[in-house]
Amino acid sequence: MLTLISKLGKITIGIFFLYPYFIYGQISAGGSSTLKFGESKNEFHYSEVLLNMNLSNEFLNTWFQFEYSKPPEIGMSINGLRKFRVDYSNGPVELSVGDIYKIWGRGLILNQFDDQSVNLDNGYRGLSFSLIEDRYTFNLISGISNINRISQDYWQNIDQESRKPNHLSKHSMFGSDLELFRGPVSIGFSFLQSRENHPINNPVNMMADSIDVIHRVNGFRTSIEQGSFSSYIEFSDKNTLLTKSESVQYKSIFKPYNGFSLFGNINYYFTNKFLDGWSLTMEYKNYNTTKLNPSEKDNFVKNYDMNLIFTQPPTVMREHSSVFLARLIPQVNFSDEVGYQISLVGPVKSIGYFTLNYQAASRTNIWGKTFPDSVNALLATEWDGDSSVTLKPYLDKVALPFNELYIEMEGYVNNIRYQLGLGLTKKVPDYHVLYNSGQNNIWDANEDFTDFNNNDTWDSGESFSDKYSIINEKIENKYVSAITLPTLLNYNIGNGWSIDLKYEFQRLKSGTEFFATLSSDEFFEDFDGDGEWDTAEIFDDADGDGIWDAAEETWYDLWQSGLIPDDQLYYYDIDEDGLYSEGEYFTDADGDNQWDAGEILYDQDGDGIWDDAENLDDLNNDGLWSEKGIYLDSTKSNFYVINSKTGLPNSKEFQNNHLISLGVGKSPYWSLSLTIESTSTYEYGPQKKSVTNPLESFMGNIIDLENKWIALELMININSNTRLDLMYGTQRGGIICSNGICRYVEPFDDGFKLALSTVF
Amino acid sequence: MKNSLLSKIVIVLFLISFVFSQEKIPNLRLKMINGKYAKLHDFLKDGPMIIDFWATWCEPCKKQMKYLNIFNNHFKQSGFKVLAVNTDTPKSMSKVKSYVRTKKFEFEVAVDPNSQIKKKMKVLQMPTTILVDQSGEIIFRHQGYLPGDEHDILKEIYDLLDKTEISYEKLNLNKNNNKQLKTGADVDF
């Protein structure tokens, strides 16, 4: 018997105990199921079934969720019970056991949800006890939270499509929350502690290891609602500690950043004669629980402070229904971000409603690089930031600023509903600093020398130890700016028929800005010892005959023939377009400065041409030796078109995107929509040949198919409880964001998707 | 093995329960937009109601809400009411009050920022509209919104009020619709 109990487990036994309760009480039973299936020519396959079952009576409510997937659209494959919970509620008492999701205040300390669109499930399995009275609420929680996440910074099992989590964050947590209500005012106090088992590299033997850390968060919140005015403010303070049992080696390197989070908002409703019906909303965030340099801005694996995943405060960002605008929303960093949002909304006579929304955000610190002299400057450089607090977002690019102005007018003209929007967006998504180091052949003040004449100063001709130093600082930041025009027309014909026309236009500018500084003079190999740079070429004369010969090949040919491994492509394919481009490595056999079959040319100055040149580290590519100082400021677009004559890519500063969706619907039975998305340029990066499907072949008789994605979607309400969604065609990949968390979705190429959802 | 056995037991028990059960709404505790708490069955004291799940980012939800406001105002004399459960996450919570206030909606609004009420009510699509009689039994459930769906919802309200012999005045939706079109529009928050 004991063996049987052990096999069934505590959960099953619990169900047996609960079941008679349902049998003798008035039961309400129901459930829902969702079936999703997708298959495409680019191997984006998924198949998943989710089954939810609910049983409830006056006091008890149970929920079981089963999943059968192989593989799911995103996440780990599960076959069997995924989630369960039993809730007991009687008067002011609420008790829950199982998989629990809680939110306290606006989530600065605790905000748990299961969002399958970005595969974030940050709930816990455990217990929750609540007392809810008119004048107060009290909540006590305890349990274990194992949260799957995808990290590009973690070495384990990164799959190509980034669909499968490769990192597990384990927390054992408990906490309590008290909220008091007094008329228009409410006040809340919260405490949460989590013991986390955090993966780490052992600093001594460099083997994978883990340490136990404790996160403690205390919080306070208050709100007031008085007539036309309402406001809310929440503050939390976080501390991360190392457990006493951890070894000395970890104690010495454990330096967490212990900070705070602050969120507030104000709503005001105008009631005067001129602005009646208008409302003003202001939101502010200042999340300072860690400081992350631009190189590790999203690295939650290495960062202890960033691992409170059940902390999901407000993003203070507008969520757009426009496809193009939604793609530009940046990933919010809930540990290191400052920003605000202002929104003004109101009626304009009988024309419709006007919306003005402005939002801005940045990281909380201005970072700089420190670069001590070193043999390997690249590895020795470190980011340097301070712990000062800023009240407003920075504009400096190292703080990754973002801002967006959105204006919209919406209303009705007879039976036509219209929506006209304008969005102006700017952001810096990435920032990098690169260094070159070398010997400069010049005696510098801190270098050792042999003082032949014993005068304690270095004199010309005296030998010296020429240290390696940083001679080139190259800053590059990605930039994105866009003008977006989303429009929507909906015509209600009558008798249940309606037509939808959606058109979006976006003029997108995206690329990399380079800004480089010489920390010292350029390095040259002074062959004749005259202290000046002279014209002197170096080429790799393979056969020693003094002329260029052998067969020319681009890096692309060498890669195709397997001579360049995939993981070294970045070294050759400088612009990352997957094609040979002017300026990239080639073997110039006949010395005509064109790639046409040839020998190896070391294109040292990167101009794509073989130059008469000595071994000069020509940092600014001007063919001349330069003194230290700022010398380069340039940009490189992400976009290009193919020159029809040469077949080579030509960079384009802007990309024009269009999205047209035409739909027709018959209430309450079905709707059908055709969506065509197009873009005016290619984007640098490996190109994947798209398959032309029958739908595209048909549309190809009407429009040019180059750089277009076409999809046909059908929705059928089989009955009021069952809905079928079908999609056939091609969908463009891109970023999708939900709850401030973004993930890249692979393109869906020539395939179909099916989703069937039923409530019973 | 253990998980498989557990799955089978749960499914069998569920199927047995399903045979004997009615589809009633659970008496869930709701957090209202003003921060106070309420029980779902409290809203059934005066008569039937519609529970509508919506979000500020959901275009069809907003198209439908103006009709729900008309239903709420027209049938309130008969004890009928609409409860709109907002499922925005905390990121949009500040705008929910503004939206409801600017639109001058008169129905009750609850918030469900981590979708727990939504899951317990088996809501899969947005919007989902659930018509409940005074005993808490689910009479009609509708997923999504296409222009014209408001007529089906209105018909279900009539049928329920007729069945329960609650007196009411017929609603001319087209007349109200035209009036609404002149004075209000949806706002994309």
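**Notebook: a loop lysine, a helix pair and a core**

I started at B:Lys104, which sits in the loop between α3 and β5 of chain B; helices (H or I, at least four residues) and strands (E, at least two) are DSSP runs numbered from the N terminus. This is a predicted model, where local features need pLDDT of at least 70, side-chain atom pairs count only at pLDDT 80 or more, and totals for chains, interfaces and linings use all residues. Residues are numbered from 1 along each chain as its sequence is written, while chains are lettered from A and ligands numbered from 1 in the order in which they are written.

**Entry 1**

I looked up phi for B:Lys104 and found a positive value near 60° in a residue other than glycine. For burial I used C-beta atoms placed from the backbone: a residue is buried if 20 or more others lie within 10 Å of its own, exposed if 12 or fewer, and partly exposed in between. B:Lys104 counts as exposed because it has 11 C-beta neighbours inside 10 Å.

Next came the cis peptide bonds. One runs from B:Met126 to B:Pro127, with omega near -5°, and B:Pro127 is placed in the loop between α4 (116-120) and β6 of chain B. Another joins A:Lys70 to A:Pro71, with omega near -15°; A:Pro71 lies between β3 (60-69) and β4 (79-90) of chain A, in a loop. As a reminder to myself, most residues other than glycine have a negative phi, and most peptide bonds are trans.

How much of α3(B) is buried? I found 9 of its 11 residues buried, including B:Met93, B:Val96 and B:Tyr99. The cover over the buried residues includes β13 (229-242), β14 (260-269), β15 (279-288) and β16 (336-348) of chain A, along with β4 and β5 of chain B.

**Entry 1: α2 against α5**

I then took helix α2 (residues 59-75) and helix α5 (residues 149-163) of chain B, which pack at about 25° with axes 10 Å apart. Axes here are lines fitted to C-alpha atoms, for helices over the stretch in contact, and angles run from 0 to 180 degrees between N-to-C directions. That angle makes α2(B) roughly parallel to α5(B), a label for angles under 35 degrees. On the α2(B) side, I noted B:Gln64, B:Tyr67, B:Phe71 and B:Phe75 in the contact, and on the α5(B) side B:Asp149, B:Glu150, B:Leu154 and B:Ile157; two residues are in contact if their C-beta atoms, placed from the backbone, lie within 7 Å.

**Entry 2: the core**

The largest nonpolar core has 44 residues, and B:Met49, B:Ile50, B:Leu83 and B:Ala84 touch the most other members. Such a core is a set of buried Ala, Val, Leu, Ile, Met, Phe, Trp, Tyr and Cys residues joined through C-beta atoms within 7 Å. The largest share of this core, 6 residues, comes from α2(B). I also checked B:Met49: leaving aside neighbours within four places in sequence, its contacts include B:Phe43, B:Leu83 and B:Val132.

**Entry 3: chain B overall**

Notes. Parallel < 35°, antiparallel > 145°, perpendicular 65-115°, else oblique.
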